[in-house]
Amino acid sequence: MEDLVKQESTPEETQERQELIKDILDVEWAMFTAVNNVGGPAECQSQDETFKIMRSAQFYTWSLNTLELYHRDVLEARAQGRNLMTEKYARMMSVTHPDEYAEIAGALPGVPAESLDLVETIAAQFELWDKAVEKEFPRLRGRGRAKNEDSQVGSTPTANTYMIGELLTYSYKTLESLFKDMEYALTYKKNMVREQLEATVMQYGYKDLETAEQNQ
């Protein structure tokens, strides 16, 4: 599949991207299936193809540099015995289950102030992109995660909550590189949420977003 936000386009770089994404997905899937859920494994923890489609669609929108840095993040986390997926869902509890989150917050790795600033900025821009996608493809977007305005304690996590929870697991260098990807997209009037959705539907066999929207 063609890279969606990129500065690299040589065959060697394309192959490197594919290899990085495959390796990241292997590590992430192992982490995801190891997440402990109240009541036992969740249904999504047995849906490896769906997981890989959704995650790879996100990675297709990243630059090679961001992929390399995040790849380093997941490998370092694995070496340290950390599960980034567990940490992501734990961070999300600060919104969905704040009382329970208060009991576990001290066990989570600290996040530097400069990383928090980047997380806030990136998440805000992605929320704007998400709203633009909803206007253009309401049926497709309606099948995705809940919108931020639907957020309330105890509810299903919103797209914004998911994103912030995940961003908080990234290293500062990865966040900094993703911020540059975001700036690149804005400069060239791209929408990374739209590009991610496009990469998703293409993996499900649709030729473009318009066709997928009509078939919903």
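Helices (H or I, at least four residues) and strands (E, at least two) are DSSP runs, numbered from the N terminus. By this rule T66 is found in helix α3.

The structure is a predicted model, in which local features need pLDDT of at least 70 and side-chain atom pairs count only at pLDDT 80 or more, while totals for chains, interfaces and linings use all residues. Residues are numbered from 1 along each chain as its sequence is written, and side-chain values use heavy atoms, with hydrogens and water left out.

## The chain as a whole

The chain has 11 helices and 0 strands. Buried means under 20% relative accessible area, exposed means over 50%, and partly exposed lies in between (1.4 Å probe, protein chains only). Of the 216 residues of the chain, 42% count as buried. A contact means heavy atoms within 4.5 Å. Among contacts between residues at least 6 apart in sequence, 73% join residues at least 24 apart.

## Helix α9

Helix α9 covers residues 172–187, which is 16 residues. The expected span of a helix is 1.5 Å times one less than its number of residues. For α9 this gives 22 Å, and the C-alpha atoms at its ends are 22 Å apart, so the two values agree.

Which residues of α9 are buried? They are T174, L175, S177, L178, D181, M182 and A185. These residues cover an arc of only 165° around the axis, which puts them on the same side of α9. The arc is that of the directions from the helix axis to the C-beta atoms. An α-helix has 3.6 residues a turn, so residues three or four places apart point the same way. The face of α9 turned away from the buried side carries the exposed residues K173, K180 and T187.

The buried residues of α9 pack against α3 (64–79), α6 (113–136), α8 (159–167) and α10 (192–203). Leaving out residues up to four places away in sequence, T66 touches T174, S177, L178 and D181. L69 also has its place in helix α3. With 11% relative accessibility, L69 counts as buried. Apart from neighbours within four places in sequence, L69 is in contact with K173, T174 and S177. L69 and L178 are 109 residues apart along the chain, and their C-alpha atoms are separated by 9.7 Å.

Past the end of α9 comes K189, in the loop between α9 and α10. K189 has a positive phi of about 55° although it is not a glycine. With 78% relative accessibility, K189 counts as exposed.

## Aromatic rings

Rings of Phe, Tyr and Trp (its six-membered ring) pair if their centres lie within 6.5 Å; planes under 30 degrees apart count as stacked, over 60 as edge-to-face and the rest as tilted. The count comes to 12 aromatic pairs. Two of them are set out here.

| Pair | Distance between centres | Angle between planes | Type |
|---|---|---|---|
| W29 and F51 | 5.2 Å | 55° | tilted |
| W62 and Y70 | 5.6 Å | 90° | edge-to-face |

W29 lies in helix α1 (residues 11–33) and F51 in helix α2 (residues 48–59), 22 residues apart, and their pair links distant parts of the chain. Both W29 and F51 are buried. W62 and Y70 are buried too. Ring pairs also link W29, F32, F51, Y89 and Y162 into a cluster.

A charge sits over a ring if NZ of Lys or CZ of Arg is within 6 Å of the ring centre and within 35 degrees of the ring normal. The charged end of K88 sits over the ring of Y89, 5.2 Å from the ring centre.

## The nonpolar core

A nonpolar core is a set of buried Ala, Val, Leu, Ile, Met, Phe, Trp, Tyr and Cys residues joined through side-chain atoms within 4.5 Å. The largest such core has 45 residues, and F59, W62, Y70, I122 and L167 touch the most other members. Helix α1 gives the most to this core, with 8 residues. Not counting residues up to four places away in sequence, I122 touches M163, L167, L175, L178, F179 and M182.

## Helix α7

P138 lies in helix α7 (residues 138–142). With 47% relative accessibility, P138 counts as partly exposed. Residues touched by P138, not counting those up to four places away in sequence, are V133 and E213. P138 and E213 are 75 residues apart in sequence and 7.9 Å apart in space, C-alpha to C-alpha.
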